[in-house]
Amino acid sequence: MKKIIELKNISKAYDGETVLDHIDLDIYDNEFLTLLGPSGCGKTTTLRIIGGFEHPDEGDVTFLGERINDVPPHKRNVNTVFQKYALFPHLNVFENVAFPLRERKVPKAEIEQKVQEMLELVQLSHLAKRRVTGLSGGQQQRVAIARALIGRPKVLLLDEPLGALDLKLRKDMQQELKKIQKATGITFIFVTHDQEEALTMSDTIVVMSEGKIQQIGTPVDIYNEPQNAFVADFIGESNILDGVMLEDLKVRFSGHTFRCVDKGFQPKEPVDVVVRPEDVDIVSEEKGMLRGVVTSVTFMGVHYEVIVDIGGFKWMIQTTDFVDVDEHIGLSIDPDAIHIMKKSEYSGLYGDYSSFSNELDELSEPGEDESEDAE
Amino acid sequence: MTKKQTPFGGAVLAPYSLWALLFILVPLVFVAYYAFTDNAFAFTFDNVARFFTAKSVVDGVEQRTYLVIFWRSLKLAVISTVICLLLGYPLAYIMARASEKRQKLMMTLIMIPMWMNFLIRTYAWMTILQDTGILNSFLTTLGLGRVHIIGTEGAVVIGMVYDYLPYMVLPIYSIMAKMDVKLLEAARDLGCNSVSVLRRVIWPLSLPGVLSGITMVLIPSVSTFYISQKLGNGKFFLIGDAIEGQYVANNLHFAAAMAFILMVILLAAMAGMKKFTNHRVYGGDTL
Amino acid sequence: MKVTSKIYTAIIFIFLFAPIAILLVFSFNEAKSLSVFSGFSLKWYRELLRDEATLQSVRNTLLLAVSAMAISTVMGTAASVGIMKLRSKWLRATLNVATDIPMTNPDIITGISLMLMFVFVGRLLGLANSLSFWTMLIAHVTFCLPYVILQVLPRLRQMDPSLPEAAMDLGCTPMRAFFKVTIPEIMPGILTGAIMAFTMSLDDFVISYFTSGAGFQTLPIRIYNMTKKTVTPKMYALATIIFFVILALLLISNLTDKKEEKQKQ
């Protein structure tokens, strides 16, 4: 695969506050790459540096091997779909899409034809003469994509483009974006704080936190083999426990020694152990490797979310079996459901559900407050 | 996170900065300079002192000429402002609650006299209030006898109220029109009757509008000179007349001294008012 | 309540319009009287149209207002762009205060202060007449500028900052992005600012009074001189014409507003 963009040792600070801390990232031809992380993690700044709207304080950005640190946005073969679309309100749909071609003084007939083609691709041909301010969120989104794609950029940057859409529309647009990416063969760099969105759409996910890249990998890798507690917690739900690697394939945590599939650690090395809630089986108390008391049960539709107190640590378990609060149960965990991670700065910060509450979780979801533009 | 980018450097701000410095700030320095110098531009307190100490005899009574004038200006301006507020506040309220179509119509009707030059508006009142004017001929036709209004303080107040009433109505109206109707409903819901809704919700929320209305009426009325010349009686009726008179007499240093004193007093008054509303509206000096 | 507020509104509007109505009616009076209408005539209008000094003052006022509007709109818009970009809090606060001064200071002080400076500088340069069209233009631009900035700056603040970025992203140089995207976005503010500057300049008497030279008379100053001495119904005719011009302008602007609303829907 051909390398298109390379970020080398990029740092950036605003007013003394570090936003990006020595980032290295390679972006390849024809891939769907997602920058994923909570708000303030530096993902948008990374995107803006690639787009040319910000200058890195340190490090180099290269495009097909050439350093482009000082190349202004209008000279980069990269286009952006902005967070709130940034459609030009004084131009209609057609003129918005035609904007880059008019800038390049493309002949009229050619503009007409190209814009029509592009509007067909995003299924908006019937709205060509409409004012953009009257369009729905989904339609504006399509105009923004068409406008960014018409100049045939090598790379398309998308800054949380689905953030303002409602859930249903969002799912549809995810599929459609993926389809457009496949059809055009253009590299998409997609910024989001929504892990589900990242998992469903991406070829490569870059998990970021506090200006640093935490992990780069395919969705499956990231989910199954998180590199540290932050990644494990941010992607999906996980129980993260303090453990000790006794020897290869043998780990001890929660007062029990488990067989596992990981090796290559020092003997007696302290580690973080990740167990996904859906990988825990509920068994009768006597048969359990671990024993505990159910403290809460929440019905989630497909499954129940059960919080179990095991020696003071609260586990989350997703199960289709019904258990009752205060019931004593046993837990059983298969070796391949146990994932071992080296200790990191994030150890001990995540993975305990003792203060778990669904409502709180939703309240702290960043970026959700932008839904006022949803229409 | 977004850095504001503009295509131009600081060059875009330079002309205005220079202009503001040369033609807004420096002229104010000149006011102070002239106020504290004599005709030979030597430093002196005489001009300022003259304002406070000059005496003259009016109707056999000796009085401090300029302090009396200043006091009269302040009194008439405050009276006019209060009348404007009393007349304008209900009108602003009625406008804000009217249908959208009617609001537009009333706005236009308020703007028409505002856009007519105030010289013409004042002049119109002069022709009405004159001893031989239309008011008196109307009164005599009714057999009510004549009234002598022109040349009195009352006439000046009428002129000020007439000229500046729109400046009171508009800011209050614009605040009230933006006021969320749900707030009033909430107050009702929480047990307020119409009077207490007005007192506890509408009035405090409209205070910023009231404040800017008051400044927009008080400042031109306290410093006017045309209204008093046409509707008042004498040359040195108000402080504005006094300043203008000294200007016409080419006595620039004393004119500057009076302008300087007026400016200082108004600045202090406005700072005080701002503090007061901040306190009333936000419960403290938040700004 | 409804009836009371209707009556109240009616009384206020009668108070506002009665004097204008009286001027209007008596402008068609045959005699010079202000209280007795003795017959319809257009003679005061004819006399007004023969008054070269007044006509010249109308031309002067328009020339001055158009120049002041053009200069203050361009400079004020540029200043707003600059203020948006300004990082230094101290500089921003200073500029805010400076912008506030012409609006809060009484006109008489603005007028006097400029006049004092012009006279002083004129004396330094050894000019016989330090006040002229140019001093008046400077004065008018000065008090028009804050109104332009007050209209343009909020527009710039409301604008999505990614709009010009999008234009650059799509191939515009920063300069072209400014003219193709930013300017159309803030155009309503610029237009309102320009109109306000124009009307403020047309309407101003006090500041003009202190900064005008002998050779250049604007309409408000002409009106002042006309009303200084005797009462003349020529003034009424002038007031009537001004009233109808304003009425027409307001109606036109209302109509265009309506058209715009319809287009939006």
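## Strand pairing in chain A

In this predicted model, strands β11 (residues 239-247) and β12 (residues 250-253) of chain A run antiparallel and are joined by three bridges. Across this pairing, Met245(A) is positioned opposite Val251(A) of β12(A).

Both strands belong to an open sheet of five strands in chain A, ordered β13-β12-β11-β14-β20, with antiparallel pairing. From one strand to the next, the twist averages 40 degrees.

## Helix α6 of chain C

Helix α6 of chain C covers residues 133-158, a run of 26 residues. The distance from its first C-alpha to its last is 38 Å, close to the 38 Å expected at 1.5 Å a residue.

## Contact between chains B and C

Chain B contributes 64 residues to the contact with chain C, and chain C contributes 62 residues. On the side of chain B that touches chain C, at least two residues come from each of α1 (14-35), α3 (65-97), α4 (100-115), α5 (118-129), α6 (134-141), α9 (194-223), α11 (239-248) and α12 (252-282) of chain B. The largest share, 14 residues, is supplied by α1(B).

Classified by residue type, this side of chain B comprises 47 nonpolar, 14 polar and three charged residues.

Technical notes
Residues are numbered from 1 along each chain as its sequence is written. Chains are lettered from A and ligands numbered from 1 in the order in which they are written. This is a predicted model: local features need pLDDT of at least 70, side-chain atom pairs count only at pLDDT 80 or more; totals for chains, interfaces and linings use all residues. Two strands pair if DSSP finds at least two bridges between them. Helices (H or I, at least four residues) and strands (E, at least two) are DSSP runs, numbered from the N terminus. Axes are lines fitted to C-alpha atoms, for helices over the stretch in contact, and angles run from 0 to 180 degrees between N-to-C directions. The expected span of a helix is 1.5 Å times one less than its number of residues. Two residues are in contact if their C-beta atoms, placed from the backbone, lie within 7 Å. Ala, Val, Leu, Ile, Met, Phe, Trp, Tyr, Cys and Pro count as nonpolar, Asp, Glu, Lys and Arg as charged, and the others, Gly among them, as polar.
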